[in-house]
Amino acid sequence: MQEKKHNLELDVQYPDTRLEADLTPELVERWVRGALLGPAELAIRFVDAEEGQTLNREYRGKDYATNVLTFAYNEGAEIADDEPTRADIVLCTDVLQREADEQKKTVEEHAAHLVVHGVLHAQGFDHETDEEAEEMEQLERDIMEALGYPDPYAEN
C-alpha cells in the first residue's frame, strides 16, 4: 500500500515513559499517517492513570482514566481543505496496557488502534449513532489492515 503523505506536524510526548522505548515516535507517526485524510498538526501524549483521570474528569465530567482522549481544536468549524486538523490525543498507558492484556492483544496493536481511533476523531469522525459507529469501525479496520495489524474488533 502506498502511504499517504499529507503535511504533518507531530509532537509525540512521553510524560509517562514506560512505553517510550517500544512505541517510538517513528512508529506513532506511521500510525498517524495511516489514518490521515488531510494535513494535520497533532500532539500524541502518553500519560499515567492520574493525569488521564484528571483530564477525563475536567474535560468530559467522567472521573476515571480512559484509554484515549481526543481534543480536536477545529472540530465542527468550517475549515478549508488545505487547513490542517489540529488536535491533542492523549493515551493513558495504564489503561492501554490493561486493555491489551484483557483483549489478548500486544500493547503495540492496541496502541496503534487507539492512535488511529483518536486521529479519526480529530478529523470529525464519531460513533454516537449506530451508523456513525459502523462507518468509523470499518474505517479503523481498513486502516489497521493497511498498517499490517489484525482487526481491532475481532473477538479473541
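Helix α4 has 16 residues and reaches 22 Å from its first C-alpha to its last, close to the 22 Å expected at 1.5 Å a residue, where the expected span is 1.5 Å times one less than the number of residues. Because 13 of its 16 residues are buried, α4 is largely enclosed by the rest of the structure; buried means under 20% relative accessible area, exposed over 50%, and partly exposed in between, with a 1.4 Å probe and protein chains only. The model is a predicted one, in which local features need pLDDT of at least 70 and side-chain atom pairs count only at pLDDT 80 or more, while totals for chains, interfaces and linings use all residues. Residues are numbered from 1 along each chain as its sequence is written, and side-chain values use heavy atoms, with hydrogens and water left out. Helices (H or I, at least four residues) and strands (E, at least two) are DSSP runs, numbered from the N terminus.

**Around the ends of α4**

- K104 is placed in the loop between α3 (93–102) and α4, and it counts as exposed because its relative accessibility is 67%.
- Although K104 is not a glycine, it has a positive phi of about 55°. Most residues other than glycine have a negative phi.
- Just after α4, G124 also takes a positive phi, of about 100°.

**Helix α2**

- The 12 residues of α2 should span 16 Å at 1.5 Å a residue, and the end C-alpha atoms are 15 Å apart, which agrees.
- G52, L55 and N56 are the buried residues of α2. They lie on the same side of the helix, because they cover an arc of only 100° around the axis, the arc being that of the directions from the helix axis to the C-beta atoms.
- The cover over these buried residues includes the strands β2 (40–47), β3 (68–72) and β4 (85–92), whereas the face turned away from the buried side carries the exposed residues E50 and E58.
- E50 belongs to α2, which runs over residues 49–60, and it counts as exposed because its relative accessibility is 62%. Between E50 and L27 there are 23 residues of separation in sequence and 25 Å in space, C-alpha to C-alpha.
- The N-terminal end of α2 is capped by D48, with a side-chain oxygen that lies 3.3 Å from the backbone nitrogen of E50. At the other end of the topic, α2 is followed by G61, whose phi is positive, near 70°.

**Cavity and pocket**

- A search of the whole structure finds one cavity of 30 Å³ or more. On a 1 Å grid over the protein atoms alone, a cavity is a set of points where a 1.4 Å probe fits but cannot get out, and a pocket is an open set with protein on both sides within 12 Å along at least five of seven lines; lining residues have an atom within 4 Å of a point.
- The largest cavity holds about 50 Å³ of space, where grid points are joined across faces, edges and corners and a volume is the space filled by probe spheres set on the points.
- The lining of the largest cavity is made by K105, E109, H110, H113, M144, P150, D151 and P152, and helix α4 (residues 107–122) gives the largest share of it, three residues.
- The largest pocket has a volume of about 590 Å³. Of the 26 residues that line this pocket, R60, V68, H117, H121 and H127 are the closest to its centre, and the elements that give two or more residues to the lining are α2, β3, α4 and α5 (130–146).

**Individual residues**

- A72 is found in strand β3 and is buried, with a relative accessible area of 18%. Not counting residues up to four places away in sequence, A72 touches R86, A87 and A122, contact meaning heavy atoms within 4.5 Å.
- D16 is placed in the loop between β1 (8–13) and α1 (25–35) and is buried, with a relative accessible area of 7%. Leaving aside neighbours within four places in sequence, D16 is in contact with F46, V47, D48, T93 and D94.
- T24 is also placed in the loop between β1 and α1 and is partly exposed, with a relative accessible area of 24%.

Technical notes:
Polar contact = N/O pair within 3.5 Å; in protein donor to acceptor, adjacent residues only side chain to side chain.
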